[in-house]
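Please have the sequence and the structure open side by side while reading. The paragraphs go from the whole chain to individual elements and side-chain pairs.

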Amino acid sequence: MGKERIMSQDCCSTTTNSEHEHDHNHGEVSLLKTYFPAILSGSMLALGIAMDYFNWEVYQNEMLRILWYIVAYIPVGFPVLLQGFRLILKGEFFTEFSLMSVATIGAFILGEYPEGVAVMLFYAVGELFQSAAVNKARNNIKALLDVRPNSANVFRENKWQSIAPERVEIGERIQVKLGEKVPLDGILTSDFSSFNTSALTGESKPETFRKGETVLAGMLNEGKLIEIQTTKKFNDSSLAKILEMVQEASSRKAKTELFIRKFAKVYTPAVFFLAVAVMLLPFFFVENYMFREWFYRALIFLVISCPCALVISIPLGYFGGIGAASRNGILFKGSNFLDLMAKVNTVVLDKTGTLTRGVFKVQKVKTEGLSENEFLEYASALERNSTHPVAKAVAEFYPSNWEATEVEEFSGMGLKGILNGKEVLAGNRKLMAKFGIEFPKEIESIIETIVLVSIDKIYAGYILISDEMKADAAQAISEIKKAGVSQIMMLSGDRNSIVQKTASEVGIGQAFGELLPEGKVEKIKELKENPQNIVAFVGDGINDAPVLALSDVGIAMGGMGSDLAIETADVVIQTDQPSKIATAIKIGRKTKQIVIQNITLAFGVKLIVMILGAGGLATMWEAVFADVGVALLAILNAVRIQNRKF
């Protein structure tokens, strides 16, 4: 599924992917074929230098000596010369291929055969190191592709058939054996099973799902043989969306990365002309001008100025950041969002489904004149006639076999019905007021959501219901503050009293409740009026989509979040853990730090050695080691983020 798109990251090139034909796809061929040219050239170079040093008689013939170094040069030099020639035919004269070709052929013209071979050899070795680093970064993300199920066992024509997941329709029964991956999103129809969700969430701890709960494509069944009723086609499944996000991530570039690519296209021809100037201008200003000496200095200038360290290490840094985030259950939809996340100084959060679980549960039951069981029979039998989350919480808490008749629902208030010949009301304070039902005054001071119940116009008690706080909600806010975020705010459509209580519990200073979607949009617009504010909004519901789109960085809770919120967001937290917000900020900042370090290192060292080379204080050997050394240091620095724990 589009692996080529994901794996086509540029490697040490100022050209586009389609032009970069000497790509680093070394995983496709044997290690011997990959490294043999460098090993052969390196061995011949070492032996040639040894024969030069010890002045072996067999090596006194100059033609034999030249031939030896030409043969040593060909394995590593020919692919570069060929690629340079192909690009010149396409009108691209100034690339690192032509730069290396001119520098090494020039060394041969001057009779510096070992140096000519060494320049190309170390360039090739640098490419191999870059390839290994890029492949490691790719593998972190490529692992996601390996979770894609190859087949689905579906019940058709009174038998189980193995077919491609893409051919399974919504509502069909599929069977998943122990150790198999769930091929499509669906409802578990078996009693229960344990699933490894690490491919989707980054969490290695198995999670138990029960009958009626939703399981997602890509989860690994670690329990028993189960059956699932599909609710989505494969292309609409959570796994398919993740794969699509990962694929698109590599095509959305950060400003720094785009700048370096544009810069390299200007930098390389500028270096050529500067090298020509180093070679020719001294003729007019230097006494005893020797063309050979200044030609040699110009070649040194070309070697050290190769832009490889910049062009490879910066994309690799961002690619590594995306990979590190995916291992932590965080999906960035592009390296540009890594850059933005590094700058975030204002975090705005939704409440329900973001800091709370979005699952209402009965916390307390208080009755007046009835036993608790009888009271709950009345309340549950009536509430099961509503689809409201609060009504569902009551019905699930105490399943009743009674049947209510003449049920009437009052929008935003509650229900009225007949049970055992009695008129029963179940709802909020507004419903009680509408029917003139008096209730204790202390109920007015209760902040949490409550369901008041009356039987035949007499108050009978209440049920207190609250949304459960996520285990890491308070920790999340603390970690966001530690990450240096100066402003944290909560926006919610819930009752303001509940919103303020939740904000106080988790440590948020500013909170606004009873907001419609347009109210949330207005609050974000107010924040964005200050150009200093880089705003990240975290939400999960359909009503959060406009705010996710408006904010600088939209972050969606991917496990329980709506499809629209996930598609609109720039960053998706697959684990549903708000503490991952701080992790995303840290990864963004660390990635940016590594990129800046690499730019500074590459420019600093190259500038110093360029000046030394032009002044005749550095030889081509030093230029080679400096260029390759800088590239390797930059690569190793970029790779660090892949091994870092956040």
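What follows is a walk through a predicted model, starting with the chain as a whole.

The protein chain contains 22 helices and 22 strands. Of its 646 residues, 54% count as buried. Among the contacts in the chain with a separation of 6 or more, 67% are between residues 24 or more positions apart. The chain exposes about 29100 Å², and carbon and sulfur atoms supply 58% of that area.

Nine of the 12 residues of β17 (residues 458-469) are buried, so the strand is largely enclosed by the rest of the structure. Strand β12 (residues 356-367) pairs with β17 in the antiparallel sense over eight bridges, and Thr367 stands opposite Gly461 of β17. Strand β16 (residues 449-455) also runs antiparallel to β17, joined to it by seven bridges. Here Val453 has Gly461 as its bridge partner in β17. β16 and β17 form a hairpin with two residues between the strands, and Asp456 in this hairpin takes a positive phi near 50 degrees.

The loop between β16 and β17 also takes part in a side-chain pair. Glu423 and Lys457 meet in a salt bridge, at 3.5 Å from N to O. This pair links distant parts of the chain, with Glu423 in strand β15 (residues 422-427) and Lys457 in the loop between β16 and β17, 34 residues apart. Glu423 counts as buried because its relative accessibility is 19%, under the 20% cut-off. Lys457, at 46%, counts as partly exposed.

The structure holds 18 salt bridges. One of them is formed by Arg173 and Glu227, whose closest N and O atoms are 3.1 Å apart. Arg173 lies in strand β3 (residues 173-176) and Glu227 in strand β9 (residues 226-230), so the pair ties together parts that are 54 residues apart in sequence. Arg173 is partly exposed at 37% relative accessibility, and Glu227 is partly exposed at 23%. Another pair sits within one helix. Arg297 and Glu293 form a salt bridge with closest N and O atoms 2.5 Å apart. Because they are four residues apart in helix α10 (residues 291-304), about one helical turn separates them. Residues three or four places apart in an α-helix point the same way, because the helix has 3.6 residues a turn. Arg297 counts as buried at 13%, whereas Glu293 is partly exposed at 33%. Asp52, Glu62 and Arg65 are linked in a network of salt bridges.

Helix α13 (residues 372-383) has 12 residues and reaches 16 Å from its first C-alpha to its last. Nine of these 12 residues are buried, so α13 is largely enclosed by the rest of the structure; they include Phe375, Leu376 and Tyr378. Helix α18 (residues 517-528) also has 12 residues, and it reaches 17 Å, close to the 16 Å expected. Its buried residues are Gly519, Lys520, Val521, Lys523, Ile524 and Leu527. Their cover includes strands β11, β18, β19 and β20 and helix α19.

Leu281, Phe283, Phe284, Phe285 and Val286 make a nonpolar surface patch of about 590 Å². Phe285 lies in helix α9 (residues 282-285) and is exposed, with a relative accessible area of 69%. Elsewhere, three strands form an open antiparallel sheet in the order β6-β5-β8. β6 and β8 stand at the edges with a single partner strand each, so one side of each is left without a neighbour in the sheet. β5 (residues 192-196) is joined to β8 by two bridges, and Phe195 has Asn221 as its bridge partner in β8.

Conventions
Residues are numbered from 1 along each chain as its sequence is written. This is a predicted model: local features need pLDDT of at least 70, side-chain atom pairs count only at pLDDT 80 or more; totals for chains, interfaces and linings use all residues. Side-chain values use heavy atoms; hydrogens and water are left out. Two strands pair if DSSP finds at least two bridges between them. The expected span of a helix is 1.5 Å times one less than its number of residues. Buried means under 20% relative accessible area, exposed over 50%, partly exposed in between (1.4 Å probe, protein chains only). Contact means heavy atoms within 4.5 Å. Patches are made of residues with over 30% relative accessible area and no salt bridge: like charges are joined within 9 Å, nonpolar side chains (Val, Leu, Ile, Met, Phe, Trp, Tyr) within 5 Å. Accessible areas come from the Shrake-Rupley method with a 1.4 Å probe; for residues, only the protein chains shown count as cover. A salt bridge is a side-chain nitrogen of Lys or Arg within 4 Å of a carboxyl oxygen of Asp or Glu.
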